[in-house]
Amino acid sequence: MDWNFRQDAPIYSQIIEGFKLSIASGELRPGEKLRSVRELAAWAGVNPNTMQRALSELEREGLVYAQRTSGRYVTEEENSVARVRRQLASERLSEFTAFMNRLGYAGEDIIGFIKEGEKPNGNS
Amino acid sequence: MATLECIGLTKRYGSTEALDSVNLTIEPGKITGLLGPNGSGKTTLIKLANGLLTPTSGKVLICGSAPGVETKRIVSYLPERLNIPTWMTVTQLLNYYQDFFPDFDLERARTMLSNLSIGENMRIRAMSKGTREKVQLIMVMSRRAKLYLLDEPIGGVDPATRDYILNTIIGNYDPEASVVISTHLIQDVETVLDDVVFINQGRIVLRSTVDDIREKEGKSVDALFREVFRC
């Protein structure tokens, strides 16, 4: 993960997004142990309380789980991983569609571009 | 109990009001940025908390006590100017800190010195300004204090060292300890802070958490600061 925090959103929510992407893409494997809050905080260059908040939220969403004595692990639930993968994909897709709409391309055009793997060339 | 509490804290220098009825509470376990333009009262507030100045009126309390011998035991202070004896070598300085402060963690200090490639035989006088500042900050952060008062800790050092220092701060403080960092280099410290206090002309004009500002204002603390203090 590369931590370049955007200016316009809370830091903890950007950490959550980063973890989701790592989990969805398999960069963090199911059942993998996470480092301690303090280590993760130092690694991301954020306050430990901020890291803690992000991890608690990921726990609440079922993407990581805490083992009382030994730390936190990435979920082994395939459904949770699949869900977050779809969630991220659909977020990106709506951003992309909104952008294309703004350029004046609608549904069929967009599908056409994707199918043909072509670059829009402006003379359609 | 609050680590640091200011109650109606006021300081006048002659007719100049440096701090005007400041009420402020810093809780344990928080890293707070004391942010304000030059001359806003940041250093005055920190000096009052260290007992280097006495209030004109009001009170400042460290873990419930007025600044004095007892509070100096639990407060680790980084002044805005160099305060370490320049004739000493690093080794002598380590001994000196160990003698003075029972909470001084020698191992921690030596690790940080070696990470920053600062030789222990070096004399402080022979160091560059930036290196002196690094040494001083290492000494301050190597104490296991309850409250760290850091007055402009990153002003004079390069960006890579800045990252190292900030990582040292977040990696080393005890979860029950509090850190107050006064600075105007907000962008550099923003991600390590829990809370921010904006101070201007001796008054607190804003108190919030970093993520609340980003959530509600949709902008960084740095951007908000530039807006609030636009010249």
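Modeller: Happy to. Before the sheet, one definition: two strands count as paired if DSSP finds at least two bridges between them. Also keep in mind that this is a predicted model.

Biologist: Okay, strands then. What holds a sheet together in general?

Modeller: Strands of a sheet pair through backbone hydrogen bonds, and the pairing is either parallel or antiparallel. Here, look at strand β1 of chain B, residues 4–13: β1(B) and β4(B) are antiparallel partners joined over 5 bridges.

Biologist: Moving to chain A, how is chain A divided into domains?

Modeller: Domain 1 of chain A covers 11–77 and domain 2 covers 79–116. Their C-alpha centres lie 27 Å apart. Where the two touch, domain 1 of chain A brings 9 residues and domain 2 of chain A brings 6. On the domain 1 side, those residues split into 5 nonpolar, 2 polar and 2 charged.

Biologist: And between the chains, how many residues of chain B are in contact with chain A?

Modeller: There are 18 from chain B, in contact with 15 residues of chain A. To read such a surface, ask which elements supply it. In chain B, α6 (159–172) and α8 each give at least two residues to the side touching chain A, and α6(B) gives the most, with 5 residues. By class, that side of chain B has 7 nonpolar, 5 polar and 6 charged residues.

Biologist: Let's zoom in on one residue. Where does S220(B) lie?

Modeller: S220(B) is in the loop between α8 (210–217) and α9 (221–228) of chain B.

Biologist: Is S220(B) buried or exposed, and why?

Modeller: The test is a count: a residue is buried if 20 or more other C-beta atoms lie within 10 Å of its own. S220(B) has 22 C-beta neighbours inside 10 Å, so S220(B) counts as buried.

Biologist: What does S220(B) contact, beyond neighbours within four places in sequence?

Modeller: Leaving those neighbours aside, S220(B) is in contact with Q7(A), E190(B) and R214(B). For a distance to check on screen, take V210(B): V210(B) and S220(B) are 10 residues apart in sequence and 7.9 Å apart in space, C-alpha to C-alpha.

Conventions. Residues are numbered from 1 along each chain as its sequence is written. Chains are lettered from A and ligands numbered from 1 in the order in which they are written. This is a predicted model: local features need pLDDT of at least 70, side-chain atom pairs count only at pLDDT 80 or more; totals for chains, interfaces and linings use all residues. Helices (H or I, at least four residues) and strands (E, at least two) are DSSP runs, numbered from the N terminus. Domain bounds come from an automatic or database domain assignment. Two residues are in contact if their C-beta atoms, placed from the backbone, lie within 7 Å. Ala, Val, Leu, Ile, Met, Phe, Trp, Tyr, Cys and Pro count as nonpolar, Asp, Glu, Lys and Arg as charged, and the others, Gly among them, as polar. A residue is buried if 20 or more other C-beta atoms lie within 10 Å of its own, exposed if 12 or fewer, and partly exposed in between; C-beta atoms are placed from the backbone.
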